[in-house]
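The paragraphs below proceed from a single residue to the whole chain and back to local detail.

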Amino acid sequence: LVPASKQELLKDTNGECSPNTPVIEVVSPGSSSFTRLKKEMYISDDYETELRDLIKQKKAVVLAVEADGRYVGRVTLRHDWGNETSIIEKGFPGLPQINALEIDENYRRQGLATMLIAAAENEARRQGFSMIGLGVEISNEPAKRLYEKLGYSYQRVGGSDTYDFLFGKPNPQVYKLRLMTKSLQTEANHD
């Protein structure tokens with residue numbers, strides 16, 4: 001289950017929560033938490049506007065991880081792939097995506113990305129999805145290894161191994177990405 005508040009903290013082996021225990025929470029634009037997240041994990045004004053629109057339409061959830069009194073990671077579960085990647089919508093209609101996963105460089109390799117991905121997967125399951133996807137830049141070897149380890153597999157898109165993603169305004173850059181997907185069904189779901 002995705003923690004909706006700080007009350008659902010990760011507990012240590014004694015069932016206690018230490019002050020340094022990472023906390024995952026849902027963060028909504030317009031809240032004081034989002035204002036902090038925007039500053040601490042740099043969210044552009046354009047992306048904030050996009051998130052506000054998606055959340056109003058119930059097509060996105062922003063999850064953040066807090067450690068040591070500040071936000072150190074974030075991810076968005078989105079129900080769309082945007083105009084730039086409509087080719088994915090055609091081949092994988094309704095596939096939600098893990099988007100904008102970011103961990104502060106001082107907190108990497110501590111399992112926080114895995115925690116955020118698991119929280120996004122759980123939220124997608126809670127919303128009734130049976131599969132999830134993500135786009136990974138072809139040169140991002142550490143991310144590809146992580147996603148493979150977590151059970152994601154590569155998919156062809158429009159007959160190709162890669163697809164183009166335009167990012168940035170006003171002069172977007174073209175990035176080559178690979179689509180990876182994962183089934184969210186467990187053995188218990190197959191009954």
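Y163 is found in strand β7, where helices (H or I, at least four residues) and strands (E, at least two) are DSSP runs numbered from the N terminus. Y163 counts as buried because its relative accessibility is 5%; buried means under 20% relative accessible area, exposed over 50%, and partly exposed in between, with a 1.4 Å probe and protein chains only. Between the C-alpha atoms of Y163 and Y175, which are 12 residues apart along the chain, the separation is 8.2 Å.

This is a predicted model, in which local features need pLDDT of at least 70 and side-chain atom pairs count only at pLDDT 80 or more, while totals for chains, interfaces and linings use all residues. Residues are numbered from 1 along each chain as its sequence is written, and side-chain values use heavy atoms, with hydrogens and water left out.

The protein chain contains five helices and eight strands, arranged along the sequence in the pattern β-α-α-β-β-α-β-α-β-α-β-β-β. Of its 191 residues, 39% are buried. Contact means heavy atoms within 4.5 Å; among contacts between residues at least 6 apart in sequence, 64% join residues at least 24 apart.

Which residues touch the most other members of the largest nonpolar core? They are L63, I98, Y147 and Y152, in a core of 28 residues. A nonpolar core is a set of buried Ala, Val, Leu, Ile, Met, Phe, Trp, Tyr and Cys residues joined through side-chain atoms within 4.5 Å. At least two residues of this core come from each of β2 (60-67), β3 (70-78), β4 (97-103), α4 (112-126), β5 (131-137) and α5 (141-149). The most are given by α4, with seven residues. Leaving aside neighbours within four places in sequence, Y147 is in contact with L101, I117, L134, V136, Y152 and M180. Another core, of 10 residues, lies apart from this one and includes L37, I43, L51 and A64.

Among the buried residues of α4 are L112, L116, I117, A120 and E123. Just after α4, G128 takes a positive phi of about 95°.

The largest pocket has a volume of about 1800 Å³. On a 1 Å grid over the protein atoms alone, a pocket is an open set of points where a 1.4 Å probe fits, with protein on both sides within 12 Å along at least five of seven lines; lining residues have an atom within 4 Å of a point. The lining comprises 48 residues, with N99, A100, L101, E102 and G135 nearest the centre of the pocket. Strand β4 gives the most to this lining, with seven residues. By type, the lining divides into 24 nonpolar, 12 polar and 12 charged residues.

D68 lies in the loop between β2 and β3 and counts as partly exposed because its relative accessibility is 42%. R109 lies in the loop between β4 and α4 and, at 85% relative accessibility, counts as exposed.

Terms used
Points joined across faces, edges and corners; volume = space filled by probe spheres on them. Nonpolar A, V, L, I, M, F, W, Y, C, P; charged D, E, K, R; others polar.
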